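Please look over the structure shown below before reading on. The report that follows takes its features one by one.

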Amino acid sequence: MRFRFCLAMGLLLTAAFSVHAQTSANPEKITVDLTDAPRKILHAQMTIPVAPGALTLLYAKWIPGEHMPDGPIDNLAGLFITANGQPVAWTRDDVNMYAIHLTVPDGVTQLDVKDDFLATAAASGFSAGASTSANLALLSWNELVLYPAGHKDDADILVEPSVVLPQGWQYGTALTKTGGDATHVDFGTVSLEQLIDSPLLTGRYFVEIVLAPEISPKHFLDIAADGPEDLKVSPEAVQGYSNLVRETGALYQSRHYESYHFLVTASDQVAHFGLEHHQSSDDRVSERTFIDDNLQLLSADLLPHEFTHSWNGKYRRPAGLATGNYEDPMKGNLLWVYEGLTDYLGNVLAARSRIETAAQYRDYLAQDAATLDARPGRTWRDLEDTATAAQILYLYGDGSPWDNWRRNTDYYGEGDLVWLDVDTTIRKLTNDKKSLNDFLAAFEGLGGNTAPKVVPYDFDDVVKGLSNVVAYDWGAFLRERLTSKSPHAPLGGIENGGYKLVYTDQPNDYTQAQMTASNITLAWWSIGVDVASDGRITDVLVGSAADKAKLGPGMQIIAVNGRQFSGSLLNDAIRDAKGNTNPISLIVANTGTYRVLALDYHDGVRYPHLQRVDGTPDRLDDILKPMVAR
Ligand SMILES: [Zn+2]
């Protein structure tokens with residue numbers, strides 16, 4: 001999963017995942033009618049094979065890739081269960097809200113179930129957030145499907161899915177079409193696990209682009225957008241995503257899917273995030289992403305990140321996240337591998353594929369490092385705890401008030417720094433003969449090309465894999481970084497890469513793109529605040545000049561040195577206060593009360609950059625070079 005501004009076994013257990021349409025005498029059937037998606041209501045009809053007696057039906061609770069129990073049961077409505085046309089009474093479990101109990105009458109072999117999903121959520125959060133507009137819809141099957149309890153592994157339940165689409169809408173999905181017509185589409189029987197792992201994107205304005213056509217299995221870029229103009233993907237962008245397909249083959253030395261679909265929703269009406277699946281990804285970006293350079297830069301790593309999860313996260317998965325069902329709680333303590341390594345690789349692959357330039361990658365990395373280096377919450381909460389606490393930290397979007405003190409899902413951004421540290425350390429120890437690429441080829445490429453399946457791992461497997469590349473005390477190396485309470489971020493990878501983190505009075509291109517796209521002023525590294533265009537403070541850095549001046553998130557700056565607030569006026573005031581002793585005077589509104597506050601800060605405007613250290617090995621530059629000759 002990716003959410004920016006805007007997831008122990010020595011013995012390898014493998015859970016096979018039924019890819020080929022399995023022949024089953026009697027699978028469950030589900031038909032989802034999407035014709036009312038523009039009105040934010042989806043309808044489902046299911047037939048569920050049953051035997052007489054007590055039965056429990058379940059609704060998926062723990063959603064893979066979201067790492068939390070956020071199955072949207074609250075928006076399930078209109079549940080009617082019948083058998084041979086007669087109503088069947090049901091009661092909800094009074095502890096587990098995701099379980100429905102009933103008694104199947106004698107002689108009944110099939111239940112007919114109808115339900116609706118109220119797709120009315122706000123455009124925030126993950127897959128249960130807003131997913132439809134007048135012109136498009138993303139169907140996550142877990143929003144509607146009910147299934148019998150009692151299976152140890154949800155790969156054992158077979159489902160035959162169908163959809164009914166609005167007239168004239170096209171679609172993309174990793175499911176295999178077996179029949180139907182323009183508006184009713186039947187798909188081959190799959191396991192429940194594969195169904196929930198195979199969302200369907202549909203829309204009025206839709207394009208499907210074949211990527212890297214010379215490569216098998218096949219890769220498709222499917223885009224649904226709010227308007228036809230949003231689909232004008234540049235040839236350079238298509239080239240970049242085709243390069244991504246080629247680069248992953250070189251890096252991971254394997255593929256674990258039969259075909260792959262990037263399902264991209266370009267819409268301002270839906271939640272923005274990415275959610276990984278074995279054979280597809282649910283990638284949701286701003287409407288104009290493919291036609292706006294700033295938006296494109298800010299989401300450059302999204303597709304590489306979610307694609308990387310097909311290997312790192314879906315195929316190789318921490319044992320605590322490989323529960324095999326949707327009911328058992330997940331353990332997130334290895335998310336610094338699942339998400340942290342993916343975040344590192346997503347950004348590196350974006351640069352290797354030229355979805356972004358090496359300079360743009362360095363600008364991103366500078367901002368990431370500077371943000372984590374100004375994170376006082378690290379003095380009470382270590383990196384490992386952010387992973388263990390993932391299921392509660394995802395409740396807050398990145399950049400929530402006092403995030404720097406609570407910490408957020410920092411195993412993403414700090415994972416970048418830790419894995420860059422691992423990569424450059426391998427390179428340093430081996431005189432640049434080996435790298436993280438060698439670890440990945442063995443770890444992610446285990447077993448060569450396979451169908452989708454889950455191969456779990458634990459901490460010791462990661463250590464063993466790294467030790468197989470180069471002998472070193474990787475256990476101590478990682479534990480030190482996972483349990484550190486240092487106020488400062490681990491910047492060893494940047495140093496070993498031949499760079500250092502510096503601050504200047506000019507924003508780098510990534511920071512500038514973020515300020516432009518979000519219409520905010522980032523004064524985080526100077527006075528310690530981020531401010532929206534209306535003066536509203538989104539957050540205050542603990543220990544900063546703004547903190548000492550008693551500013552707080554949610555307050556609104558009305559005036560700067562006696563004049564009406566604007567972002568540029570605030571910037572000018574910070575600049576002008578450099579080198580003198582005059583405080584910056586702010587009039588601040590706070591829950592109906594106005595105060596004048598004095599901001600005592602004199603170090604000028606500061607933005608992060610990476611600066612090359614002459615005479616040192618330029619390993620970071622090497623890391624960003626394509627592996628495939630072009
Ligand atoms: Zn992710």
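## Helix H7

The buried residues of helix H7 are Tyr-361, Arg-362, Asp-363, Tyr-364, Leu-365, Ala-366, Gln-367, Asp-368, Ala-369, Ala-370, Leu-372 and Asp-373, where buried means under 20% relative accessible area, exposed means over 50% and partly exposed lies in between, with a 1.4 Å probe and protein chains only. Because twelve of its 16 residues are buried, H7 is largely enclosed by the rest of the structure. Helices (H or I, at least four residues) and strands (E, at least two) are DSSP runs numbered from the N terminus.

H7 covers residues 358-373 and should span 22 Å at 1.5 Å a residue, which agrees with the 22 Å between its end C-alpha atoms; the expected span is 1.5 Å times one less than the number of residues.

## Basis of the model

The model is predicted, so that local features need pLDDT of at least 70 and side-chain atom pairs count only at pLDDT 80 or more, while totals for chains, interfaces and linings use all residues. Residues are numbered from 1 along each chain as its sequence is written, and side-chain values use heavy atoms, with hydrogens and water left out.

His-309, in the loop between helix H4 (302-308) and strand E24 (316-318), and Glu-339, in the loop between helix H5 (335-338) and helix H6 (340-352), are 30 residues apart, and the pair links distant parts of the chain. Both His-309 and Glu-339 are buried.

The C-alpha atoms of Arg-317 and Val-455 are separated by 6.2 Å, although the two residues are 138 apart along the chain.

## Salt bridges

The structure holds 18 salt bridges, each a side-chain nitrogen of Lys or Arg within 4 Å of a carboxyl oxygen of Asp or Glu. In one of them, Arg-378 and Glu-414 have their closest N and O atoms 2.9 Å apart. Arg-378 lies in the loop between H7 and helix H8 (383-388) and Glu-414 in helix H11 (residues 413-429), so the pair ties together parts that are 36 residues apart in sequence. Both Arg-378 and Glu-414 are buried, and they belong to a network of salt bridges that also links Arg-375, Arg-407 and Asp-410.

Glu-214 and Arg-246 form another salt bridge, with the closest N and O atoms 2.6 Å apart. Here Glu-214 is exposed, at 52% relative accessible area, whereas Arg-246 is partly exposed, at 22%.

## Strand pairing

Strand E4 (residues 53-59) runs antiparallel to strand E8 (residues 99-104), and six bridges join them; two strands count as paired if DSSP finds at least two bridges between them. Within this pairing, Gly-53 has Val-104 in E8 as its bridge partner. E4 also pairs with strand E12 (residues 146-148) in the antiparallel sense, over three bridges, and there Leu-57 stands opposite Pro-148.
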